Amino acid sequence: MPIGVMTLAIRIPTAHSLKEKRSVLRKVRDRLQSRFNVALAELDYQDVWQRSTMGVVSISSSRNNLEFTFQTVLAESEKILGPDLIDHQLEFF
């Protein structure tokens, strides 16, 4: 039973407060959770206004399903964030 973990490095240059940052992250989290049934959490830079690292986790019966899910999660993340998504990493366990 494979588990997939994706980390998304995000830059939010328009945020001038933690409230603005949380608004952007909430939009990303809500859309990805509702469309792909994945779990998300902010992993790093909680007290920094213009930077974040989010973790996305999913489990499936096959690795192929997970790979497809994470490809679509990444595509949707790029669509939401555009150039503000500065890096991502994907691991399977």
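Q: Which residue in β3 is the bridge partner of A39?
A: The model is predicted, so that local features need pLDDT of at least 70 and side-chain atom pairs count only at pLDDT 80 or more, while totals for chains, interfaces and linings use all residues. Residues are numbered from 1 along each chain as its sequence is written, and side-chain values use heavy atoms, with hydrogens and water left out. Strands and helices are DSSP runs numbered from the N terminus (E, at least two residues, for strands; H or I, at least four, for helices). In β3, A39 has as its bridge partner V57.

Q: How many bridges join β2 to β3?
A: Two strands count as paired if DSSP finds at least two bridges between them. Strand β2 (residues 39-44) and strand β3 (residues 51-59) run antiparallel, and they form a hairpin with six residues between them. The number of bridges that join β2 to β3 is five.

Q: What is the phi of Y45?
A: Y45 is placed in the loop between β2 and β3, in the turn of the hairpin that these strands form. At 29% relative accessibility, Y45 counts as partly exposed, on a scale where buried means under 20% relative accessible area, exposed over 50%, and partly exposed in between (1.4 Å probe, protein chains only). Although Y45 is not a glycine, its phi is positive, at about 65°.

Q: Which residue in β3 is the bridge partner of I3?
A: Strand β1 (residues 3-11) also pairs with β3, in the antiparallel sense and over nine bridges. Within β3, the bridge partner of I3 is I59.

Q: In what order do the four strands form the open sheet?
A: The pairing in this sheet is antiparallel, and neighbouring strands are turned by 20° against each other on average, direction ignored. Because β2 and β4 each have a single partner strand, they stand at the edges, and one side of each is left without a neighbour in the sheet. The order of the strands is β2-β3-β1-β4.

Q: Which residues does A41 contact, leaving aside its neighbours within four places in sequence?
A: A41 has its place in strand β2 and, at 36% relative accessibility, counts as partly exposed. Contact means heavy atoms within 4.5 Å. Leaving aside its neighbours within four places in sequence, A41 is in contact with T53, M54 and G55.

Q: What separates the C-alpha atoms of P2 and S62?
A: P2 lies in the segment before β1 and counts as buried, at 15% relative accessibility. Not counting residues up to four places away in sequence, P2 touches several residues, including S62, R63, L66 and F93. P2 and S62 are 60 residues apart along the chain, and their C-alpha atoms are separated by 6.4 Å.

Q: At what angle do helices α1 and α2 pack?
A: Two packed helices are described by the angle between their axes and the distance between the axes; axes are lines fitted to C-alpha atoms, for helices over the stretch in contact, and angles run from 0 to 180 degrees between N-to-C directions. Helix α1 (residues 18-36) and helix α2 (residues 63-81) have their axes 11 Å apart. They pack at an angle of about 150°.

Q: What is the angle between the planes of F70 and F92?
A: Rings of Phe, Tyr and Trp (its six-membered ring) pair if their centres lie within 6.5 Å, and planes under 30 degrees apart count as stacked, over 60 as edge-to-face and the rest as tilted. The structure holds one aromatic pair, the edge-to-face pair of F70 and F92, at 6.5 Å centre to centre. F70 lies in helix α2 and F92 in strand β4 (residues 85-92), so the pair ties together parts that are 22 residues apart in sequence. F70 and F92 have an angle between their planes of 75°.
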